[in-house]
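Please look over the sequence and structure below; the briefing that follows takes up a helix first and then a sheet.

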Amino acid sequence: MLFNSIEFLIFFPVVVLTYFLLPHKFRWFWLLSASVYFYMRFIPIYILVLFFLIAIDYTAGLMISAAKTASRKKLFLIMSLCANIGILSFFKYFNFFNLNIDKLATLIGWNYPLVLLSFALPIGLSFHTFQSISYVIEVYKGNYKVEKNGGIYALYVMFFPQLVAGPIERPQNLLHQLHEKHDFDFQRVSNGLKLMLWGFFKKVVIADRLALLVNTIYANPTNYTGTPLILATVFFAFQIYCDFSGYSDIAIGSARVMGINLMYNFRRPYFSKSISEFWRRWHISLSTWFRDYFYIPLGGSRVSLLRVYFNLFVTFLVSGLWHGANWTFAVWGAFHGFYIMFGKATYKFRKKLADSYGLSKFPKLHTILQIIITFILADIAWIFFRANTMSDAVYILTHLLSGLTLNLSSVDLGLDNPELVVAFVSIIFMESVQFVQERIGIMQFLSRKPAWLRWIIYLLLILGILLFGVFKGMSFIYFQF
Amino acid sequence: MKKENIKFMKRMVLLIVIIILIILILNIIYTKYVLTKKNFYRKEIAYQNYISNHSEIKYAFFGDSHTFHAIHPKFISGAFNFGSGTENYIKTYYLLERIINKDNIKVGTIVLQADLETFSTWLTNEPFLFNEIELYSQFVPLSKIKEVRKKDSMIELFIEAKLPVIGKGKEFGILFSNENLSEMYEGWIKNYNDFSNLTETERLNIAEDGYKVHFQNQQISNLSIEYFIKTMELAKKNNINVILVKYPISKEYQDITSQRGIYNISKEEYYRILFDNTEKVLGDNYYVLDYQNLFLNQPEDLGDTYHVNYKGAEILSRKIYEDITKLNLSSNSSSQQQNNVITIDKNTIESDKINLILVIFLTLESIILLGVLIYLMQKTKFNKSSKSFKTPSR
């Protein structure tokens with residue numbers, strides 16, 4: 001079920017109302033049933049994959065907890081990891097792996113018997129696999145007590161707000177909340193609803209509108225040069241941000257309505273002054289997952305400098321491939337790995353350079369320049385993330401600056417002029433709100449205003465969504481991962 | 001339940017009520033003042049005016065924008081142009097069914113478009129599948145629309161049909177636009193463009209774009225063929241003559257489609273499929289009028305690569321009328337006149353008045369509700385502050 005569907009607008013109030021009306025002991029079961037229904041509205045049969053994963057990791061947790069020796073604990077952990085990564089690899093990387101072997105085989109003249117599987121990837125597989133892995137690892141490390149209630153554990157993996165696209169939760173944050181009783185609290189419900197509203201605005205007004213232009217141009221990039229390519233690439237940066245952070249806001253907001261706090265996934269990433277800061281603000285639940293369960297086990301930054309660079313690069317490369325089985329994602333990850341390495345290696349030099357140009361005397365100007373440069377770097381990497389093929393990405397990258405013109409009247413952009421105006425105005429509006437949020441916090445800002453003004457603002461936001469939203473049932477970009 | 005929680009819920013309900021009211025008001029304004037400026041709705045109004053004066057349409061022309069711009073009923077006596085941008089045969093079928101069965105208008109001959117692009121899946125893909133649902137839902141049950149738009153739920157279809165303002169906020173700009181609407185005559189819309197003003201390269205590019213849109217990654221739509229057959233069956237059942245028309249195209253477009261073929265087949269094969277299906281229903285009882293090459297060397301009569309402009313429309317319409325009158329079409333229509341012209345006009349005026357009253361009523365009601373909301377909030381605030389003031393003194 002999509003958040004941006006009529007079905008969800010009916011589903012959610014029904015689930016919430018019943019949740020608060022039910023006695024506490026039945027609530028987890030109600031939420032689990034609702035989550036199962038929510039997931040089965042996509043491709044019902046894949047619920048079996050999810051149940052299989054839940055059964056494996058639940059059992060693994062119990063076994064690890066009951067194991068007497070460290071080696072047995074390790075054995076159960078490895079078995080669980082193999083099962084999780086095995087399922088993920090089978091569904092996500094089988095064809096990718098086979099196609100690449102086939103290409104290699106063609107190069108060396110070997111007649112490789114190519115076998116391709118033709119089924120859709122279970123929605124959100126990468127997300128709930130990672131969430132399950134984090135549980136097993138935390139139980140193994142002894143950081144979290146094993147969950148004995150299978151139903152609650154299933155709910156930890158399947159909790160519908162974050163089931164298909166995160167935030168990728170940790171047991172320390174989520175599991176205990178599923179045991180606790182949450183009463184109806186108007187302040188919390190109100191905050192949750194406001195966050196959901198903001199998420200809907202970002203998704204249906206901005207992301208889905210920008211998608212019309214981005215999809216048109218990225219579908220046939222070779223038909224365009226210069227300005228349309230720049231426009232599509234800049235728009236994609238905002239589209240993916242609004243799409244994914246919009247999803248996260250709806251997820252966090254809807255969980256908050258029910259009294260459950262999910263971790264924040266985004267902190268205004270396009271205000272970052274460097275790529276490393278960007279990764280502390282973008283998809284936080286994934287970047288911290290990779291930091292804790294991949295980068296640090298590799299040695300993290302407590303090894304030789306060369307090894308640190310290697311660890312960073314590999315982490316970003318794998319993180320790129322986590323997004324999708326395509327070399328374009330790997331290159332996107334590699335770009336970020338390179339940016340971070342380059343940033344680390346040249347930090348002192350860049351500081352000196354800024355001093356010599358006198359930029360340090362104008363910190364605001366320096367900050368603005370850093371934000372712009374970081375946005376451009378991130379946006380260049382987005383080209384590989386969005387392009388359908390490597391050759392498309394290379395074409396776009398090499399034709400961004402050729403044939404620059406402001407006259408786009410004869411170019412099919414997929415958006416007419418009024419739509420473009422709405423797109424620009426809504427981006428400016430969103431960035432202004434983010435700016436206020438960055439400086440003083442939007443809730444504090446609003447709380448200083450009189451109640452009638454606040455309610456009018458909410459009313460206008462709802463009307464803005466209803467009147468200017470794109471209601472074509474577009475899926476969320478991160479569902480495919 | 002805590003007092004604050006109840007108060008919060010009351011406010012939520014009030015907010016929802018206000019939103020619903022505002023949306024309803026905006027919907028009325030949109031339907032009345034925005035929708036009526038759109039070509040498909042203007043055509044509907046023109047049709048309503050036409051049938052208030054006529055009980056018969058001698059020649060009903062159906063098709064997409066090709067027909068829309070090409071057929072000027074001023075030069076074809078007894079004709080009405082039902083052509084509409086991106087219209088496919090699903091819409092044509094339901095439109096014809098409505099004219100015959102709901103409006104009880106006698107139709108002598110239907111002239112159906114049979115261009116190269118007419119059966120492209122491009123026209124039956126999502127954005128054009130009953131995209132003018134706010135109009136079609138007035139005479140096609142939503143359950144029938146659902147049969148075609150399978151992905152959408154009934155609730156979604158209902159909202160799209162009955163609350164067309166949702167997602168159309170940007171269209172309110174039309175109310176403040178000074179742009180004049182194109183001239184319309186019995187369904188025909190004047191196309192002012194002149195293809196001859198463009199350079200050879202520009203003409204080639206437009207032809208190329210048109211080819212890509214309709215044929216690249218597109219196929220012959222089975223859905224279109226299905227409804228094309230249904231349309232002809234409906235015509236046959238009602239003893240209506242059927243003519244298929246191929247509208248003029250540019251030389252550039254002619255060259256591209258001949259060289260590359262369409263839908264991965266040749267043009268000849270495409271027409272063989274089309275005529276085989278026609279013959280299955282009508283046998284030999286249909287006519288084909290082919291004007292595809294009429295303006296090959298006259299770009300000044302075209303608006304673009306496959307639309308004629310107003311000059312071309314006059315030439316073509318005169319030619320079609322001349323050719324149709326030469327055909328030995330059986331006359332099945334009566335010349336019975338209706339005398340309910342004034343009644344229908346009166347009804348229209350009455351319904352306009354009702355809408356206006358409704359708009360005023362709903363506006364007033366929402367203003368009052370908003371006032372009540374503000375008053376309640378201020379009162380709450382006042383009570384709060386007075387409480388906090390009193391507490392220390394006690």
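In this predicted model, helix H17 of chain A covers residues 417–439 and has 23 residues; helices (H or I, at least four residues) and strands (E, at least two) are DSSP runs, numbered from the N terminus. From its first C-alpha to its last, H17(A) reaches 33 Å, close to the 33 Å expected at 1.5 Å a residue, where the expected span is 1.5 Å times one less than the number of residues.

**Helix H17 of chain A**
- After H17(A) comes A:Gly441, whose phi is positive, near 90°.

**Sheet of chain B**
- Five strands of chain B form an open sheet in the order E2-E1-E3-E6-E7 with parallel pairing, where two strands pair if DSSP finds at least two bridges between them.
- The edge strands are E2 (79–81) and E7 (287–290) of chain B, each pairing on one side only.
- Strands E1 and E3 of chain B run parallel and are joined by 6 bridges, and B:Phe62 has B:Leu112 as its bridge partner in E3(B).

**Basis of the values**
- Residues are numbered from 1 along each chain as its sequence is written, and chains are lettered from A in the order in which they are written.
- Local features need pLDDT of at least 70, side-chain atom pairs count only at pLDDT 80 or more, and totals for chains, interfaces and linings use all residues, while side-chain values use heavy atoms, leaving out hydrogens and water.
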